[in-house]
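Colleague: Could you walk me through the ring contacts in this one? I am new to it.

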Amino acid sequence: MKRPSKPVAGLPDEETLIRFLREAGSAEKSDIAQAFGLKGAERRALREMLRKLEAEGKLGKRGRKGFSEAGALPPVGVADVVERDGDGELYVRLVEGSADAPRALLVPDRKIVGPAPGMGDRLLVKFTRVEDGWEARLVKKLDSERNRMLGVIRRSAREVRIEPVDRRSKDVFLVPPAQAEGLKDGDLVLAAAEKGDHRYGPKRGKILERIGREDDPRAASLIAIHAHGVPTGFSDMVEQEAGAVELPTLKGRDDLRDIPFITIDPADARDHDDAVYAARDDDPKNEGGWVVWVAIADVAAYVTPGSALDREARAKGNSTYFPDRVEPMLPERLSNGLCSLKEGENRATMAVRMVFDKDGRKTGHRFHRGLMRSHAKLSYEQAQAAIDGELNGGGVDDTTGPILEPILYPLWNAYRCMLKGRLKRAPLQIESAERRIRMSPDGGIAAIEARKSLEAHRLIEEMMIQANVCAAETLEQKKTPLIYRVHEAPSQEKIFNLADFLSTVGLPWNKGEPGTTKRFNKLLEQTREGPHAEVVNEVVLRTQMQAIYSPENVGHFGLNLDRYAHFTSPIRRYSDLIVHRGLIRALGLGKDGLTDREIAELPAIADQVTTTERRSMAAERDAMDRYIAAFLEDRVGATFTGRITGVTRFGLFVRLDETGADGLVPVSSLGNEYFVHDDRAHALVGERSGQRYRLGRVVEVRLMEATPVTGGLVFEMLSEPEARDPNAPAPRLGMRGRGGDDRPSRGKGRPGGPKPRNDGRGGKKPSGGLKGVRKGKRR
C-alpha cells in the first residue's frame with residue numbers, strides 16, 4: 001500500500017476517506033482504521049461508511065478485503081491481458097477487481113527483455129492514471145494456470161469444441177455455445193483453460209481471440225506465429241521513431257560511393273543488407289593477391305541503444321521468414337528502406353576492406369564507416385548465368401552485360417583465390433538439400449522446389465564468413481567484449497555413437513580418434529559415391545552440436561575457425577547489431593557504439609538471441625510442414641518414393657524425393673512380427689526374421705493421412721524389408737514394445753509413448769545440427 005500523507009486522527013468524512021484511498025490506490029479496512037487511529041465504535045462506524053459508499057458506487061472492492069475509489073486501480077497489481085484493439089494494442093484488467101475496475105493500456109518497459117506479452121497472459125504491472133484513462137507498465141510475466149491453446153472450432157448439434165493445432169497436445173476444450181456465438185466451424189482461435197476440476201472429461205475453455213480460418217491459404221504461417229509466440233508488428237512509438245530517422249550525411253564518414261559495390265540476393269529479396277566488390281591488389285608485395293570489400297548496412301546509425309526501436313528489435317531478436325510473409329526485426333521504413341542497400345541510392349554502411357594473398361590467406365583488413373552506393377542489384381541466378389556464359393547455358397542481360405568484365409569477373413576470380421584458403425581450412429562439408437515453397441498469386445502453393453546450390457551462393461557465403469571473422473578479430477584485438485557465434489565440437493558420446501553405427505556398415509572409426517572436420521570430410525568423401533552416402537551424411541549431421549551465441553569464445557567447429565562473430569546481417573539479426581556497436585566503440589567511429597550497460601548485459605543478450613533464433617527456426621519449420629501437408633492433402637492414396645531419414649522405436653520417418661516432405665510410417669503398420677529398434681545400426685529389425693529397415697534406405701510409401709492444420713503426414717510402407725545381414729553383429733536392443741514398456745511392437749494398433757512430430761499427432765522427429773540457411777546467415 002502506498003503511504004499517503006498522515007491524516008488527521010478520528011473518523012473521516014466521506015470526501016476525506018475517498019481522497020485517502022485515491023492517494024493510497026487501495027487499502028483494507030484495518031489499514032484505514034490504523035491510519036486514522038480508529039478504535040471500538042469508530043471502527044464499526046467506518047465499516048458502515050464503507051458499505052454505504054460501495055452501495056452508492058463511490059468505492060469499489062479490490063481483492064477480497066480491499067477498497068479503492070470507484071474506477072481506480074492500485075499502484076501495482078496482477079492483471080490478465082484481455083483485449084487487443086484494431087491497432088494491435090493490448091489491454092489488461094485487474095485479476096482480483098470488482099466489475100468497476102477499468103481496463104488499462106499495456107505499455108512497454110525499456111528495462112524488460114524477452115518475448116512480448118500476448119492474449120491470456122498473466123502479468124505483474126504498475127498502474128498509472130493518465131489523461132484519457134489508465135496505463136499498465138509491465139513488471140514481469142507470471143506463470144499462469146490459464147493454459148493457453150491455439151485451436152480450431154468444431155461445432156456439433158450438442159457442443160462446441162476447440163481442438164488443438166499442436167500435434168503434441170492432447171487437450172480439447174469445451175466452450176459454452178453463447179461464448180462461441182458468431183464463430184464458425186473451422187475458425188482458428190486462441191483459447192485458455194478455465195479454472196476448475198478437469199479430472200473427468202474435456203476441460204472447459206474460454207475463447208480469447210479469433211485468429212483466422214483453417215482453410216485460409218495463409219493459415220500455416222498464422223498458426224506458426226501464434227503457436228511459437230513470434231512477435232508481430234510494431235508499436236506506434238517504434239513506427240514514429242522509424243519515421244523520424246534520416247539518412248546520415250558524410251560528416252564523420254568515408255566516401256565510398258565511387259567503389260562499384262553490387263548486391264547479390266535471392267530474386268524475391270526486398271532487403272539488401274550486404275554488397276561486395278573485389279579487385280586485384282596493386283601492392284607489388286602482394287603479387288597475385290586480391291582486395292575484397294564487403295559493405296553492410298549501418299543499422300546502428302538508426303537504431304540507438306535504449307530507444308524504442310532498440311527495445312523491440314532486442315525482444316524480437318531476429319526476423320522470421322515464412323513462405324508467404326516475413327515478420328521483420330525492424331519496421332519496413334528501415335528494413336526495406338534506409339537500411340536496404342538499394343541500387344543507385346546513397347546508404348550508410350559499415351564496410352570492411354580485406355586483403356588476401358595468392359594462396360587465399362587473409363593478410364589484413366580494415367573497417368570503414370562510410371557512405372556507399374550500390375551500382376547494380378543482381379539475383380544469384382542472374383550473376384551465375386553471366387559467369388557461366390552462353391556456352392554453358394547462361395549469358396548476360398542488360399544489367400550484367402556492362403559489369404561482367406569490370407565487376408563480376410574480378411569477384412569470381414577473388415572468390416576462387418579465397419577458396420584455396422577455405423580448402424586448407426577444411427570446414428565441414430555436409431550436404432543438406434533444402435526446399436522452397438513457391439506461392440501462387442492467390443496465396444496458395446504453386447510448387448515445392450529444391451533450392452539450387454550455385455557458385456554464386458558460395459561466393460557470397462565465403463565473403464560474409466571472412467567479414468565475420470574480421471569483426472571478431474578486431475574486437476578481440478581492441479579488447480572490446482562481443483557476442484561470438486560459437487559451435488562446439490561433437491561430444492565424446494556422439495562420437496562413440498557414430499563409431500558404433502559406422503561399424504554396422506563396414507566403415508572404420510577408432511573410438512579414440514578425435515572428431516575433426518578433416519576426419520569428418522574424409523569419411524564423407526569416402527562414401528560420397530557409394531551405397532551408404534545418404535545415411536552417412538545424415539548421421540554425421542546429427543553428430544554435430546547446435547551453434548549458439550555466447551560472450552565466451554570456444555571457436556566455431558563447423559567452419560573450423562578460432563573466432564567468429566555475426567556481423568553481416570544487422571537488418572535481420574540483433575546479434576549483428578551488437579557487433580556493429582562494438583566496432584563503433586572499439587574504433588572510435590561515433591558516439592552510438594556499445595554502451596557500458598550493454599557490455600554488462602552481453603550474457604543475457606546472447607541467451608536472448610539464441611532463444612529467439614530457436615523460436616524462429618521452429619516456427620519456420622512448422623509452417624513449412626503445414627504448407628506441405630496442405631499441398632499433399634488431395635493426393636492421399638498416392639504412392640511416392642523417398643528415403644528413410646529417421647528410425648525410432650515407434651516408427652520410421654521418410655522424406656519424399658518429390659517434395660522433401662517428412663512423414664511417419666508407424667511401427668504398427670510394418671507387418672505381423674515384432675520390430676525392435678537397434679539404435680546402433682539405426683534400424684528397425686524383425687525379431688523373428690532379422691529383416692530390417694535401415695536409415696538412408698530408398699523406399700516406396702503410400703500417403704495415408706495429410707492434416708494441414710497440424711502439418712502431419714502418415715505413410716504406409718510398400719517396400720519389403722531388407723534381408724538379414726549374416727555378417728552383422730547381434731543388434732543392441734533399444735526400447736521396444738508399444739512405446740514405453742519392454743514388450744515388442746506388434747503389427748496391430750498404434751504405438752504408444754511419445755508421438756513423432758510429423759505423425760499428425762505429436763512428438764518430435766529427429767533433427768540435425770548445422771543447417772545453412774539463406775547465404776549461410778545462421779552459420
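Modeller: What follows is a short chat about aromatic pairs and charges over rings. This is a predicted model, where local features need pLDDT of at least 70, side-chain atom pairs count only at pLDDT 80 or more, and totals for chains, interfaces and linings use all residues. Residues are numbered from 1 along each chain as its sequence is written, and side-chain values use heavy atoms, with hydrogens and water left out.

Colleague: How many aromatic pairs does the count come to?

Modeller: The count comes to 5 aromatic pairs, where rings of Phe, Tyr and Trp (its six-membered ring) pair if their centres lie within 6.5 Å, and planes under 30 degrees apart count as stacked, over 60 as edge-to-face and the rest as tilted. One of them joins Trp-509 and Phe-520, whose planes meet at 40° with the centres 5.4 Å apart, so the pair is tilted.

Colleague: Are Trp-509 and Phe-520 buried or exposed?

Modeller: Both Trp-509 and Phe-520 are buried, meaning under 20% relative accessible area, while exposed is over 50% and partly exposed in between (1.4 Å probe, protein chains only).

Colleague: What about Phe-520 and Phe-557?

Modeller: Phe-520 and Phe-557 form an edge-to-face pair, at 6.2 Å centre to centre and with 90° between the planes. Phe-557 is buried too, with a relative accessible area of 13%, and Trp-509, Phe-520 and Phe-557 form one aromatic cluster.

Colleague: New topic: which ring does the charged end of Arg-103 sit over?

Modeller: That is Tyr-91, with the charged end of Arg-103 at 3.7 Å from the ring centre; the rule asks for NZ of Lys or CZ of Arg within 6 Å of the ring centre and within 35 degrees of the ring normal. Arg-485 likewise lies over the face of Tyr-549, at 4.5 Å from the ring centre.
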